[in-house]
Amino acid sequence: MPVPEPVHPGENAPEISAASALLSLPVPILPQDAPLVLPPREIPPAPDDPLKLFGRHVFHSAGGQKLPYRLLKPWNFEPHKDYPLVVFLHGSRARGTDNRRHLNGSSELGISLWTSNDVQRDYPSFVLAPQAKTTWVRSWALVERPANRREPLELVVELIESLKGRHNIDPRRIYISGVSMGGFGVWGAITRHPALFAGAVAVCGGGNPRMVKPNPTPVWAFHGSRDTVVSPRRSREMVAALRRVGGNVRYTEYKGVRHDSWKLAFKEAELVPWLFSQEL
C-alpha cells in the first residue's frame, strides 16, 4: 500500500483565505441578555488651572451699556447636551471694569469652587462671573429705567437671556450665588425674578423683607454671627420673610465668625450637591 508523501508548509499546502480562517474559529455563545460592552469614550484630561478656560468678554446691552464678564465652558463639553449655568456675584471690593478683580479676594473661593475640576467633573456647568462698576442694585423694587441706565443686576439678567440663546444652557437649571454686596444681589435677583433661578446661595448679604412674596426658588443663606460689616440681622430677616410665605430656605449662621463667612460656606460638603439637585 503506497504511503502518501508528507506535505511541507510552503510547498504544496492548500491555500487558506483569511475569511476561511475566521469562519473556522469557534464562535462564543453569549447569554441572550448579555450587555454590549463598548470601548470607553475618551475624555480629555482636566485642565491644571480651570481659570485658564475662563473666557474674557464684554456684554453690550440693548441700551448700549457695557458689562465685563467671564464665562467658563464645561471642560468636558458635549455639543448635544444642555448644561446648568452658575452665576457668581462679587462683593464691593471687586467693583470695576478691568474684568479681573472679581476673580480674586473674597470672590476667589466662590469662583474656584464652581470652576474646580471636582465640581466640573461631577456637575459640568457653565460659570458666569460678571463685574459691576457700581452696586448690583440701587433700589429693591424693580424700577423701570431708560434702556441706557439699567442697574448692573438687570444687565446680568439681560446677559443671561443672551447666553441662553447662544449656548447649551438648560433654562431649568440656572443658579445664582454671591458674597457680601453679591449676597444682596442674590436676594434682589430672586425677589425680582422668582421664575428665573432654580436655586440661590446668598452669603453675608441681605435685602428688603417687605419685598418678599411667594417664591419657588430654594435658597441657602449663610452669615457670621459677629459680622460687623453686614449685620446677620439682614439675612435673618430675609430668611424669616421667605419662610412666612412658605419659601424653601435653609439658613446657616456661624457662631463667632465675622464678615468672611464665605470661607466656611463654600466648604460646606452638602452645598454643591444641594444646589445642583434643584430644578425648575
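How many salt bridges does the count come to? In this predicted model, the count comes to 13 salt bridges. Side chains of opposite charge can pair when their charged atoms come close.

Four of the residues involved, Asp170, Arg172, Arg173 and Glu279, are linked in a network of salt bridges. Glu279 forms a salt bridge with Arg172, where the closest N and O atoms are 3.3 Å apart. This pair links distant parts of the chain, since Glu279 lies in the segment after α8 (271-276) and Arg172 in strand β5 (residues 169-179), 107 residues apart. Glu279 is partly exposed at 46% relative accessibility, and Arg172 is also partly exposed, with a relative accessible area of 42%.

A further salt bridge joins the side chains of Arg236 and Glu253 (2.8 Å, N to O). Because Arg236 belongs to helix α6 (residues 232-244) and Glu253 to strand β8 (residues 249-254), the pair ties together parts that are 17 residues apart in sequence.

Turning to the pockets, the largest has a volume of about 250 Å³, and of the 18 residues that line it, Lys66, Leu67, Pro68, Lys133 and Leu155 are the closest to its centre. The lining of this largest pocket divides into six nonpolar, six polar and six charged residues. The second largest pocket has a volume of about 220 Å³, and its lining, which includes Arg93, His259, Asp260 and Trp262, divides into two nonpolar, five polar and two charged residues.

Definitions and conventions: Residues numbered from 1 in each chain as written. Predicted model: local features only at pLDDT ≥ 70, side-chain atom pairs only at ≥ 80, totals over all residues. Heavy atoms only, no water. 1 Å grid on protein atoms, 1.4 Å probe; cavity = no way out; pocket = protein on both sides within 12 Å on 5 of 7 lines; lining within 4 Å. Points joined across faces, edges and corners; volume = space filled by probe spheres on them. Nonpolar A, V, L, I, M, F, W, Y, C, P; charged D, E, K, R; others polar. Helix = DSSP H or I, 4+ residues; strand = E, 2+ residues; numbered from the N terminus. Buried < 20%, exposed > 50% of the residue type's maximum accessible area, 1.4 Å probe, protein only.
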